Amino acid sequence: MSARVVPLIAAAATLVATATAFAPMMARAQAGRTLSAPSAFAGIRDPAARSAAMFTEAGKVLQHPRCLNCHPDGDRPTQGDGYPHQPAVQRGADGLGVTTMRCATCHQAANFDAGHVPGNPKWQLAPVAMAWQKRTLGQICEQVKDPARNGGHSLAEIVEHMAKDELVGWAWTPGVGREPAPGTQAAFGALVKAWADSGAACPTR
């Protein structure tokens, strides 16, 4: 065997070993970017456990930075992977910012990728009662289905909002430099609907 071939074989073996070692990690990362369909939970016999499992799957979206950033625990939103918004904007009485620094000053009707500024016609913060940061998934679930905290909406209206609202849909087209929420809005909406239809049980944590 040529002396030149041996190093090439060794390098190839190293590459294969490295790829093999990272395969489980890559598979887990890919799994985090997808959403299972409601049918994937059909094997769970207990109805409440099945319902809670579907909400847990939907929680991959609800607890993703694309959602948490606009559901802050306080008056200052976060951005990116969850760091404080710059500049230090505040919620304001209507969730659209204070008089001197309104959301629409920077956030226009569409993403401005050249400036890395996200945008949507409905851009604003979620109501204080719907703060999700620092909450467990079980606590978020209780908030989502509680009319006293979700703006007086029924479960059917919540499903419609999550499945079709364009501001919610922005989470899957967030513009350059931002990771989209897992799955698709349609897949997310299907999970939320299946959860609501199956009794809207909440995870225990």
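How are α5 and α7 oriented to each other, roughly parallel or roughly antiparallel? The views below, all from a predicted model, start with this pair.

**View 1. Helix α5 against helix α7.** Helix α5 spans residues 155–164. Its axis and that of α7 come within 8 Å and cross at roughly 165 degrees. Angles over 145 degrees count as roughly antiparallel, and α5 and α7 are therefore roughly antiparallel to each other. Their crossing is right-handed.

**View 2. Residues joining α5 and α7.** From α5, the contact takes in Leu155, Val159, His161, Met162, Ala163 and Lys164. They meet Gln185, Phe188, Gly189, Val192, Lys193, Trp195 and Ala196 of α7. By class, the residues of this contact are eight nonpolar, three polar and two charged.

**View 3. Helix α2 against helix α7.** Helix α2 covers residues 47–62, and helix α7 covers residues 185–197. The two axes come within 9 Å and cross at roughly 150 degrees. That angle makes α2 roughly antiparallel to α7. The crossing of α2 and α7 is left-handed.

**View 4. Residues joining α2 and α7.** On the α2 side are Ser51, Met54, Phe55, Glu57, Ala58, Val61 and Leu62. On the α7 side are Phe188, Leu191, Val192, Ala194 and Trp195. The residues of the α2 contact with α7 divide into 10 nonpolar, one polar and one charged.

**View 5. Arginine 91 in its loop.** Arginine 91 sits in the loop between β2 (83–84) and β3 (97–98). Is this residue buried or exposed? Its relative accessibility is 6%, so arginine 91 counts as buried. The arginine 91 side chain reaches the backbone oxygen of alanine 126 at 2.5 Å. Leaving aside residues up to four places away in sequence, arginine 91 touches Pro72, Gly74, Asp75, Leu96, Gly97, Val98, Leu125, Ala126, Pro127 and Val128.

**View 6. Threonine 100 in its loop.** Threonine 100 lies in the loop between β3 and β4 (101–102). At 77% relative accessibility, threonine 100 counts as exposed, whereas arginine 91 counts as buried. Which separation do the C-alpha atoms of threonine 100 and valine 89 have? They are 9.4 Å apart, with the two residues 11 residues apart along the chain.

Notes
Residues are numbered from 1 along each chain as its sequence is written. This is a predicted model: local features need pLDDT of at least 70, side-chain atom pairs count only at pLDDT 80 or more; totals for chains, interfaces and linings use all residues. Side-chain values use heavy atoms; hydrogens and water are left out. Axes are lines fitted to C-alpha atoms, for helices over the stretch in contact, and angles run from 0 to 180 degrees between N-to-C directions. Helices (H or I, at least four residues) and strands (E, at least two) are DSSP runs, numbered from the N terminus. Angles under 35 degrees count as roughly parallel, over 145 as roughly antiparallel, 65 to 115 as roughly perpendicular and the rest as oblique. A crossing is left-handed if the near helix is turned anticlockwise from the far one by less than a right angle, and right-handed if clockwise. Contact means heavy atoms within 4.5 Å. Ala, Val, Leu, Ile, Met, Phe, Trp, Tyr, Cys and Pro count as nonpolar, Asp, Glu, Lys and Arg as charged, and the others, Gly among them, as polar. Buried means under 20% relative accessible area, exposed over 50%, partly exposed in between (1.4 Å probe, protein chains only). A polar contact is a pair of N or O atoms within 3.5 Å; within protein, one must be able to donate a hydrogen and the other to accept it, and residues adjacent in sequence count only if both atoms are side-chain atoms.
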